[in-house]
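Student: I have just opened this entry and would like to be taken through it step by step. Could we begin with the terms and then turn to the details?

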Amino acid sequence: MDWRTKLFSHPSLQRLLRNTGWLFAGETIATGVSIVQFPLVTRLLGAEAFGQLHLALAWAGLVVGILSLQLRNTIVKYLSEYLGEDATEKIRALVKLGFGLDIAVSLCVFGVLVGTAAIAAPWWINTPQGAQLIQAAALVKVCAMTQGVSGAILRVFDRYKWLSTTTTAITIFLFLMLVPVLFLAASPLNYLRVMAISGLTQSAILLWLALRELHRHGVYNWWGASFSALRTDAAGIREMLVSMYFNSLRKAATNDADLLILGQFTGDATVGVYKLAKQLAGYLNRLSNPVYNAVYPEIARLYAESGSAALLGFVRRLFLIAVAILVPAVGLIYLFARPLVPLIFGAEYATSVSIFLILVLGNIWLVFIWAPGFLMTLGRAKDLTLINLAASFIFIVLGIWFTIRWEAIGMAWAFVANYALWVVMMAVYLWRLKLPPSQAETVAG
């Protein structure tokens, strides 16, 4: 048996590759469409309007991060456990809790964004349409409600083919609507309106698929379930929801706060140039999303069924594969980026090349793409949260300081420092971590 056969022979890794394959197929098509759509949008809008669009989305994303809960990881963890126990009443209560919280929080976010749009717009967006843009961004966010919970349910039931097909169909649907609209009247407001329609369509499809799958497993009338069925797990669910809430703050910081800081200290055109570079650098991360979405359910299942030794062997393989892919990928990006970016996006965005070549280094975190799911499976969500918050706090401080001194280039280095610090802290933590026995090992012992 050669090293390649040995590396990929793990049953859980083979199942992960199969599930990831479906998601990767959808993500590849979506990325291919985006490669065509992205230059068209940036050229039609121009750097200033493109910056205004993403400042509105960044403000909406920051409010979402502050007010919302990351429900999908909680759903994955406890739904996986309840299916193993054949605990139908617990499943009904968990589904009710998930959808109920998701809808309530989404409506709250929408109300806050719409109510504060006139106050927030002058701080970030240098256009009279700023309040309208924030209100339209609020509509985009509320139209996406239930997607996280629906997607989590489908992941637990291994319906990755359905998720992939939905992603592909919605991406093509968005492209077919967006391009004609922008050719007729290119504006950030029209872009957001089309995004809202697309998001609502995707939410409806995923909700229907998730409910259909629940019915196939005998879960009906979940809206009438009693939360008392979750009493024995209430503390664990509450702890995980709180931990995931703080993790959402980290995502808000890395996804949105950098744009708002730039908007405060520079101009809308600079934000547009930085956002283009960031979105380009994010394509490598985007192509890794299928792995990120599929690996947590697989880790949770493997640990429950086979114990800590099998889990360690699995994550070691994932680490080696990630390093083997990441290093040559970044090398190819550095080889081709400088001549291609101005050619594709136009001279207006030529300064984004240097920013892009810095930001792409932030993908270093992908070597530990499995680590969040690994820690959540071990019940270490609090520790994951502390690592995330520490990195995010330093990112905000460095982001403000570096932006004042070096503008977009400074923010790019702060972004990379954030992920480099996260990797160092995660590596030290994992090196010192002692794995507790799984439930299966405890019962066997």
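Tutor: Let us start with a definition: a residue counts as buried when its relative accessible area is under 20%, as exposed when that value is over 50%, and as partly exposed in between. Please also keep in mind that this is a predicted model.

Student: Is T146 buried or exposed?

Tutor: T146 sits in the loop between helix 5 and helix 6 (147-156), and its phi is near 80 degrees, a positive value in a residue other than glycine. Most residues other than glycine have a negative phi. The relative accessible area of T146 is 7%, and because the cut-off is under 20%, T146 is buried.

Student: How is helix 5 oriented to helix 8, roughly parallel or roughly antiparallel?

Tutor: Two packed helices are described by the angle between their axes and the distance between the axes. Helix 5 (residues 130-143) packs with helix 8 (residues 188-216) at an angle of about 10 degrees, and their axes are 7 Å apart. Because angles under 35 degrees count as roughly parallel, the orientation of helix 5 to helix 8 is roughly parallel.

Student: What is the handedness of the crossing of helix 5 and helix 8, and which residues of helix 5 make the contact?

Tutor: The crossing of helix 5 and helix 8 is left-handed. On the side of helix 8, the contact is made by P188, L189, L192, M195, A196, G199, L200 and S203, and by class the contact has 12 nonpolar, 3 polar and no charged residues. From helix 5, the residues that make the contact are Q132, L133, A136, A137, L139, V140 and C143.

Student: How is helix 4 oriented to helix 5, roughly parallel or roughly antiparallel?

Tutor: Helix 4 (residues 88-124) and helix 5 have axes 8 Å apart and pack at an angle of about 170 degrees. The residues of their contact divide into 13 nonpolar, 3 polar and no charged. Because angles over 145 degrees count as roughly antiparallel, the orientation of helix 4 to helix 5 is roughly antiparallel.

Student: Which residues of helix 12 meet helix 14?

Tutor: The axes of helix 12 (residues 352-359) and helix 14 come within 8 Å and cross at roughly 10 degrees, and the two helices are therefore roughly parallel to each other. Helix 14 brings A408, I409, A412, W413, F415 and V416 to the contact, and the residues of helix 12 that meet them are S354, I355, I358 and L359.

Student: Is K278 buried or exposed?

Tutor: K278 is placed in helix 10 (residues 268-306). Not counting residues up to four places away in sequence, K278 touches T254, N255, D256, D258, L359 and F415. Its relative accessibility is 11%, and because the cut-off is under 20%, K278 counts as buried.

Student: How many Å apart in space are Y82 and E305, C-alpha to C-alpha?

Tutor: Y82 belongs to helix 3 (residues 71-85) and, at 0% relative accessibility, counts as buried. Y82 and E305 are 223 residues apart in sequence, while in space, C-alpha to C-alpha, their separation is 14 Å.

How values were computed. Residues are numbered from 1 along each chain as its sequence is written. This is a predicted model: local features need pLDDT of at least 70, side-chain atom pairs count only at pLDDT 80 or more; totals for chains, interfaces and linings use all residues. Side-chain values use heavy atoms; hydrogens and water are left out. Axes are lines fitted to C-alpha atoms, for helices over the stretch in contact, and angles run from 0 to 180 degrees between N-to-C directions. Helices (H or I, at least four residues) and strands (E, at least two) are DSSP runs, numbered from the N terminus. Angles under 35 degrees count as roughly parallel, over 145 as roughly antiparallel, 65 to 115 as roughly perpendicular and the rest as oblique. A crossing is left-handed if the near helix is turned anticlockwise from the far one by less than a right angle, and right-handed if clockwise. Contact means heavy atoms within 4.5 Å. Ala, Val, Leu, Ile, Met, Phe, Trp, Tyr, Cys and Pro count as nonpolar, Asp, Glu, Lys and Arg as charged, and the others, Gly among them, as polar. Buried means under 20% relative accessible area, exposed over 50%, partly exposed in between (1.4 Å probe, protein chains only).
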